Amino acid sequence: MKMYQIFIMSLLLMAVSCTLDKTDYESEINTAVPDHYEFKEATTVNKDGYTISIETLNGTFYQGYNEIRLKITDSQKNENINVSDVTFLPIMTKADGSKTSCPYQYNLDYKPDGKYYSGYSVFTDKSSTMASWKIYLSFRVNNKIYTVNKDLTVNDQSNKNLNMSSFTGNDGEQYYIALISPQKPKVAENKLVAGIYKYNKPSVSTGTFPDPSQFSYSEVKGYTLQLDPRMPEPSMGNHSSPNNQDLKQGNDSLYHGVVNYTMTGNWTLNFILLNQNGKIIKGTKVSTDFTPGVPGAKSELFIDTLF
């Protein structure tokens with residue numbers, strides 16, 4: 001009987017804590033993390049009579065995944081022109097002068113409906129005194145190739161639902177996981193979308209800077225990202241939720257799954273990344289024990305979210 005009473009009191013305490021946390025988290029998300037579904041110009045540059053404009057969500061480059069839309073127009077006529085072979089290369093310079101990049105799409109795809117070139121960039125660091133970003137662009141007009149570069153500012157990602165993780169896998173390769181959707185989850189089953197990328201170690205350079213072969217990344221093919229979402233706050237006991245689905249690659253090369261958020265608050269997406277042969281690249285299983293009053297244990301591979 002005494003154990004039953006303790007159990008009931010624990011449940012009541014957790015229910016009260018959940019209610020308080022829910023109110024706080026809803027207030028924070030509604031004021032600090034607005035939705036960004038509109039593409040706006042983030043930067044522009046002129047070159048030999050052409051204007052190159054890059055649009056992003058909210059007109060801002062963020063740390064993490066960024067869909068980009070590039071338009072090239074005649075500067076005088078303000079008309080779209082017939083161009084081809086449009087390329088995009090972001091490079092970060094560190095304080096010591098060394099250069100690196102991030103997962104990105106080098107050859108952009110033309111979208112005739114919107115008359116723009118589409119791609120993405122997963123900026124691994126925000127701009128600071130320790131890291132500065134520059135993009136290198138090229139395009140062809142009437143068999144002539146034009147090149148241009150532009151400094152840009154990468155901002156901190158305030159929306160934790162769009163966080164990312166970089167890590168060295170058990171195979172010695174460098175990997176990146178970037179959350180793409182949902183921007184603003186609901187207390188429900190949410191479609192979870194992520195990009196998974198790998199750094200391609202360069203061979204001997206055969207070109208002049210910026211040689212894209214020295215800054216090469218690829219979309220990981222045919223992997224599985226096992227998902228175990230949990231609430232790590234001590235008051236939550238590291239509990240999980242039902243009906244979650246592991247992330248698998250779709251036709252768009254992104255990874256799609258389902259995360260079921262049963263209440264607002266802090267959630268940790270615990271992952272195990274498996275390659276095509278089912279071998280663990282990174283990640284560990286999380287205990288299913290209910291641990292009220294203790295911060296929840298996390299996988300070796302995880303991303304924290306908040307809504």
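Analyst: Happy to! Buried means under 20% relative accessible area, exposed means over 50%, and partly exposed lies in between. Please keep in mind that this is a predicted model.

User: Why is Thr-124 called buried?

Analyst: Thr-124 has 16% relative accessibility, and the cut-off is under 20%, so Thr-124 counts as buried. Thr-124 lies in the loop between β9 (116–123) and β10. Leaving aside neighbours within four places in sequence, Thr-124 is in contact with residues including Gln-63, Cys-102, Trp-133 and Tyr-176.

User: What makes the link between the side chains of Thr-124 and Asp-125 a polar contact?

Analyst: The side chains of Thr-124 and Asp-125 are joined at 2.9 Å, and a polar contact needs a pair of N or O atoms within 3.5 Å. Residues adjacent in sequence count only if both atoms are side-chain atoms, and this contact joins side chains.

User: What makes β9 largely enclosed by the rest of the structure?

Analyst: For β9, 8 of the 8 residues are buried, so the strand is largely enclosed by the rest of the structure. In a regular strand the side chains alternate between the two faces of the sheet. In β9, Tyr-116, Ser-118, Tyr-120 and Val-122 point one way, Tyr-117, Gly-119, Ser-121 and Phe-123 point the other way, and all are buried.

User: How do you know that β4 and β9 pair?

Analyst: Pairing takes at least two bridges, and β4 and β9 have 7 bridges, in the antiparallel sense. Tyr-65 stands opposite Val-122 in β9. Strand β8 (residues 109–111) is also joined to β9, by 3 bridges, and these two run antiparallel. There, the bridge partner of Asp-109 in β9 is Ser-118.

User: How do you know that the charged end of Arg-69 sits over the ring of Phe-39?

Analyst: The charged end of Arg-69 is 3.7 Å from the centre of the Phe-39 ring, and the distance limit is within 6 Å. The label also requires the charge to be within 35 degrees of the ring normal.

User: How many aromatic pairs does the structure hold, and why is the pair of Tyr-136 and Phe-209 called edge-to-face?

Analyst: The structure holds 17 aromatic pairs. The rings of Tyr-136 and Phe-209 have their centres 5.6 Å apart and their planes at 85 degrees; edge-to-face means over 60, so the label applies. Tyr-136 lies in strand β10 (residues 131–141) and Phe-209 in the loop between β15 (189–200) and β16 (216–219), so the pair ties together parts that are 73 residues apart in sequence. Tyr-136 is buried at 17% relative accessibility, whereas Phe-209 is partly exposed at 44%.

Notes: Residues are numbered from 1 along each chain as its sequence is written. This is a predicted model: local features need pLDDT of at least 70, side-chain atom pairs count only at pLDDT 80 or more; totals for chains, interfaces and linings use all residues. Side-chain values use heavy atoms; hydrogens and water are left out. Rings of Phe, Tyr and Trp (its six-membered ring) pair if their centres lie within 6.5 Å; planes under 30 degrees apart count as stacked, over 60 as edge-to-face and the rest as tilted. Helices (H or I, at least four residues) and strands (E, at least two) are DSSP runs, numbered from the N terminus. Buried means under 20% relative accessible area, exposed over 50%, partly exposed in between (1.4 Å probe, protein chains only). A polar contact is a pair of N or O atoms within 3.5 Å; within protein, one must be able to donate a hydrogen and the other to accept it, and residues adjacent in sequence count only if both atoms are side-chain atoms. Contact means heavy atoms within 4.5 Å.
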